[in-house]
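Take a look at the sequence and the structure below. A short report on fold, surface and selected residues comes after them.

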Amino acid sequence: MENIVKKYQQRFRKVKEEMVKWEELQSCLVSQFVNASSIIQRLQIIQDCKNYGVLRCIEGIQVAVLAKQMDSLDSILLSMSKTMEDFQAVVSTIEKIVHDSAQLSKGGSAHLTSKQMQQRVGLKPSVVDCLDGLNLIADMHRSEYKLKETVVSTLAELALKPSACGDLVSLQRLLVDQPNISMDEVQNLLEIIFAEEIC
Amino acid sequence: MVPSMDPSHSPLQPSPSPSASPSSTSTNIRIWKPAAQRNLRNQWSKLANLRHKWTASSSSGRSHATSLVNSFLSQRYMDGMELGVLSDMPDIKKKACLKLSKQQANHQNKFLSAYKDMVAVVVQMISVSKSMRCYNKVSASSPLAQFSSSTENENDNGDGGGTPVFKFWSIASFEEMAEEIIQMFTSELTLKRLLVMALVSAGDKKVPQLSELNWSDEFYSGEFSDLGACELLLSSEPIFPSLSGGKTNTDVMQHVYQINREVLQVYLTTWFVEVNIDRYRVDEIFAIVGEEMHVILA
C-alpha cells in the first residue's frame with residue numbers, strides 16, 4: 001500500500017515539472033500575443049497614406065512599411081503555433097502520466113479493494129486522492145489548451161480585420177487569466193499529496 | 001538563396017583584373033594568401049560588429065523618439081486634460097508644459113546623438129569595405145614579404161591577381177557582398193535622416209529650447225563630412241531618401257504637414273521596421289561569407 005502511494009507521489013513530481021514547463025510556455029505565448037496584437041492595432045493606421053506626413057515624398061513607402069509589418073506578424077503567428085505545439089506536448093505528457101497511474105492500482109499483484117483505495121495512513125494521501133488529483137490537473141490543462149487554441153486562431157482572424165481592437169484586449173485578458181486552471185485548487189491538492197513533507 | 005547566379009556576377013568567377021601584377025607569380029601568391037585571409041577575416045568581423053552597433057543605436061534612437069513623441073503629445077493635449085484636485089494649483093498646466101518641453105529638448109538631444117552614432121557606423125562600414133584588399137609592401141631593406149592596406153605599386157591591385165583567397169572567392173567577390181550590405185544601410189540612413197528631421201521638428205515652435213531642422217541643415221557639426229564619406233551628398237546637399245526603384249518627390253517635402261498621433265505612430269513604425277534592410281539577406285550574407293572563410297560571423 002505504502003509503496004503504491006509513494007509511486008503516486010513520484011508521478012505528481014513529474015506532473016509538477018510539466019506544470020513548470022507550462023508556465024514558461026505561458027509567458028512566451030503571452031509576449032508573442034502582445035507583439036502580434038500591437039502590430040494588428042497599427043495595421044489600419046499604416047495602411048492609410050494620409051498618416052505618412054513628410055514620408056509621402058518617398059514613392060512606395062507605405063507599401064514597404066506594410067509589407068515589413070505583415071512579415072513580422074506572419075513570423076510571430078508562426079512562432080505562436082510552434083508554442084501551441086509545445087503546449088500540446090505538455091498536455092500529452094500529463095495525460096500519459098495519468099493513464100499510467102490508473103494502471104498502477106489496477107494491474108498486477110497489487111489489486112486493491114475499494115476500501116484500500118480510500119484508506120489514508122497517517123498523513124499520506126489515499127490512492128483515490130492521488131487518482132482524482134491527477135485527473136483534475138489533466139482536465140484543467142486539457143481544457144485550457146483548447147481555450148488557447150481558440151484564442152490563437154481568433155487572433156489570426158482578427159489580423160485580417162484590424163477594426164476589432166477591443167476584441168484584442170479581451171482576448172489577451174483571457175489568455176493571461178487561464179480560467180481553466182485554478183492555482184488555488186492545485187495548491188490545495190499538492191498540500192494533501194505531500195502533507196508529510198510539508199510538516 | 002545562393003549569391004547571384006548570373007555568370008557575370010558569380011563570386012566563383014575570378015575578377016577580371018590583369019594578371020600582370022607582381023603578386024601573381026605562384027610564390028608570391030603563396031605568401032600573399034595568409035596575409036589576405038587574415039585581413040579579410042578581420043574586416044568581416046568588424047563589419048559584423050558594426051551591424052550590431054547599428055542595431056543598438058537604432059533601438060536607442062527608437063526609444064528616445066518614443067519619449068520625444070510622448071512628451072510632445074502630453075503638451076499638446078494638456079489643455080484638455082482633467083487634472084482633478086490639482087487644477088486649483090496656480091499655473092499648474094503652464095508649469096507642466098514648461099517641464100515637458102524641457103524633457104522634450106532633452107530627448108531631442110539624445111535622439112540626435114543616436115542618429116550621429118548611426119552615421120558613424122555607416123562611415124566605418126564603408127571604410128571596412130574599402131579595406132578588403134591586401135597589397136605588397138615594397139621594402140628593399142627587409143628580406144621578409146610585407147603587406148599593407150594601401151597600394152605602393154600601380155600594377156598591384158591588392159587582390160592577388162583575382163585568385164581565390166580561401167576556397168572559391170576572389171577579393172572582388174567579398175567586396176561585392178560587403179557592397180550589398182552597405183547599400184541597404186546607406187539607404188536606411190537617409191530614411192532615418194528624414195525621420196529625425198520630421199520627429200525633431202514636431203515640437204512647439206514657440207519653445208526656444210527646441211530645435212527645428214530643415215533637410216539642408218547639418219544635424220550635428222561635421223555631419224556633412226560624414227555623409228560625404230558615405231556618398232550621400234549631392235552638390236553639398238544630403239541626397240533624399242528613396243526606395244529601390246522608387247522616386248522621391250521633393251516638392252511634397254516642402255508642404256507643412258499636420259502632425260497628429262497617427263502620423264507620429266507611422267514615423268515611429270517606419271523607424272523600427274527598417275524597410276531598406278533585409279535582415280534575412282544580411283544574415284545570409286554573413287553566413288555564406290563566414291562559411292567561405294571558415295569562421296562564424298555572429
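**Fold and shape of chain A**

This is a predicted model. Chain A holds seven helices and zero strands. Read from the N terminus, its elements run α-α-α-α-α-α-α.

**Packing, surface and charge**

Contacts in chain A reach across the sequence. Among those with a separation of 6 or more, 80% join residues 24 or more positions apart. Of the 199 residues, 43% count as buried. The accessible surface of chain A is about 10400 Å². Carbon and sulfur atoms account for 53% of that surface. Chain A carries 22 positive and 26 negative charges.

**Confidence**

The average pLDDT of chain A is 89. A score of at least 70 is reached by 94% of its residues. Where in chain A is confidence lowest, and where is it highest? Helix H7 of chain A, residues 195-198, is lowest, with a mean of 77. Helix H2 of chain A, residues 61-106, is highest, at 93.

The table gives the relative accessible area of each.

| Residue | Relative accessible area |
|---|---|
| B:Glu175 | 19% |
| B:Asn136 | 18% |

B:Glu175 sits in helix H3 of chain B, which covers residues 171-200. Is B:Glu175 buried or exposed? Its relative accessible area is 19%, so B:Glu175 is buried; the cut-off is under 20%. Leaving aside residues up to four places away in sequence, B:Glu175 touches B:Ser129, B:Met132 and B:Arg133.

B:Asn136 belongs to strand E1 of chain B, residues 135-137. B:Asn136 counts as buried because its relative accessibility is 18%. How far from B:Tyr115 does B:Asn136 lie in space? The distance is 38 Å, C-alpha to C-alpha. In sequence, B:Asn136 and B:Tyr115 are 21 residues apart.

Key
Residues numbered from 1 in each chain as written. Chains lettered and ligands numbered in written order. Predicted model: local features only at pLDDT ≥ 70, side-chain atom pairs only at ≥ 80, totals over all residues. Heavy atoms only, no water. Helix = DSSP H or I, 4+ residues; strand = E, 2+ residues; numbered from the N terminus. Buried < 20%, exposed > 50% of the residue type's maximum accessible area, 1.4 Å probe, protein only. Contact = heavy atoms within 4.5 Å. Areas by Shrake-Rupley, 256 points an atom, 1.4 Å probe, with all protein chains shown as cover. Lys, Arg positive; Asp, Glu negative; His and termini not counted. Charge placed at Lys NZ, Arg CZ, Asp CG, Glu CD. pLDDT = per-residue confidence, 0-100.
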